[in-house]
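This report describes selected local features of one protein model. The sequence and coordinates are shown first.

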Amino acid sequence: MSLLGIGTSALLTAQGNLSTTSHNISNVNTEGYTRQRADQATRTPDYKGDIYFGTGVQITSVERVYDTFLASQVRTYTAQEAAQRSYLSYSQQVDDLLGSEDLGLSTGISQFFNAVNEVANDPTSIAARQLMLTRGELLANRFNTMDSQLTQLDEQVDYDITVAVDDINNLSKSIAELNAAITAASGAGGTPNDLMDKRDKLITDLSEIVSVNVIEQSNGTTNILIGNGQALVAGTKSMTLTTVTDTSTTPPRLGIGYGDSSTNITSQLSGGTLGGALEFRDTIIDDVRAELDVLAQGVVEGFNAVHNNTTNIANGGQGSVDLDGNDGGDFFDPANITAATISVAISDPRAIAASSKFDAATGTVNISGSGNNENALALANLETDKTLVTIAPGVTRSLSEGYAVLVSDVATRTQQAEASQETQLALLQQTEQRFDAVGGVNLDEEAAQLIKFQQAYQAASQIIIVSNTIFDSLINAV
């Protein structure tokens, strides 16, 4: 190898290093970009006699400064943080709903039983009776409204599932296309670093929607698995997800179907904003709706048991009568009792059975309905009756206690989700910093590299100049 060839190799190598460094600097603000490094090595030496003479230098490859383990951790924490963030966003809405003075049950319960006490104080007052009737309707309406709000949140989750499925399909298709492009570029020699950066960025974006398992293949492609090992991306092919309707739930809900057969894999998915939404739906919405139904059933059955003449007598009571002397009927509609359907069964304030048939104070039978307030007092006492609501076999609470426990449970879950989200965010940020410390572009380092390779380029130019001078001297000597 001539001196000119050695100088040329040094010049080209320095130029390649300058190009790589310049590429790093120009992409310092490119999201998902990983710092690149040109690896160089000596060229094959010439053997002359019993001596090896060096032939210069060459760039063997341009590689990404990339830590696979840290990249995997970033994807894991991204999915976990997104799941907690999504869950927290939804649960805060339920927490606000339950604790709302305008929509929550606490105020409605208090106002209703205050009105019952007013009737007990003056059982013949039409105004007091009308207020009790109105407060009963408002309490039922609060149950209805809360169930309606939960249904709207259910619908919001369905909408978010639809959006998430579309995003997953778009991302998986793009990853498969990049797999194909990377395979083609690798076949031509070299490593397509920028294409690999784009693919890794898409995989991280996918992790924010749902947890994924990434498997790198020897041919440069990457397989993406979700759920219990379902292949979302296999080489250059991607699988399409769909939304399926689950009619076994009330109300019917959307789930996620996999493949051409749309196999329901909803229960197998976790992590990401999709996993957080699904967890919220399966826990908080279902639990809160079930608890509200229990409370509604306790109100209806417990209140009717005292207000209703037949039930009262069956329990050893003296029976109840309304203001016109008629036997007391159901105050709330006893049919199909849920938070969504609870309603007041009477519309005439005179039909409120505030009196008992037997007047304990006088020892006489009351047939007019205006002789005492004993039944109204019994109704008012239901506010603190710890047997009104049956939570589980052998476990009973008052209406206010039952609702307070529900509010406390949701508040606790919300606080736990908030603490978990903050923890996951801290872990994610810490891992991202470690990943960036390895593969991120540091402008100070790149500036120093730029100066070093610039000097190397200038020195290589001097080799060319010296070679030219020697050649000219040889020509002049001839």
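Strands here are DSSP runs of E with at least two residues, numbered from the N terminus. The model is predicted.

## Residues with positive phi

By this assignment, Ser 262 is found in the loop between β10 (253–258) and β11 (263–264). Ser 262 is not a glycine, yet has a positive phi of about 55°. Most residues other than glycine have a negative phi. Ser 262 counts as partly exposed because its relative accessibility is 26%, and the partly exposed class lies between under 20% for buried and over 50% for exposed.

Asn 336 is found in the loop between β12 (320–321) and β13 (355–356). Asn 336, likewise a residue other than glycine, has a positive phi near 50°. With a relative accessible area of 59%, Asn 336 is exposed.

## The four-stranded sheet

Four strands form an open sheet in the order β5-β6-β7-β8, with antiparallel pairing. Its edge strands, β5 (213–216) and β8 (237–238), each pair on one side only.

Two bridges connect strand β7 (residues 230–234) with β8 in the antiparallel sense. Ala 234 stands opposite Lys 237 in β8. Helix α4 (residues 126–187) lies across β6 (222–226), β7 and β8, and runs at about 50° to β7.

## Surroundings of Ser 61

Ser 61 belongs to strand β4 (residues 57–64). The side chains of Ser 61 and Glu 63 are joined by a polar contact of 3.2 Å.

Beyond its neighbours within four places in sequence, Ser 61 is in contact with Arg 37, Ala 38 and Asp 39. Arg 37 is 24 residues from Ser 61 in sequence, with a C-alpha to C-alpha separation of 8.4 Å.

Technical notes
Residues are numbered from 1 along each chain as its sequence is written. This is a predicted model: local features need pLDDT of at least 70, side-chain atom pairs count only at pLDDT 80 or more; totals for chains, interfaces and linings use all residues. Side-chain values use heavy atoms; hydrogens and water are left out. Contact means heavy atoms within 4.5 Å. A polar contact is a pair of N or O atoms within 3.5 Å; within protein, one must be able to donate a hydrogen and the other to accept it, and residues adjacent in sequence count only if both atoms are side-chain atoms. Two strands pair if DSSP finds at least two bridges between them. Axes are lines fitted to C-alpha atoms, for helices over the stretch in contact, and angles run from 0 to 180 degrees between N-to-C directions. Buried means under 20% relative accessible area, exposed over 50%, partly exposed in between (1.4 Å probe, protein chains only).
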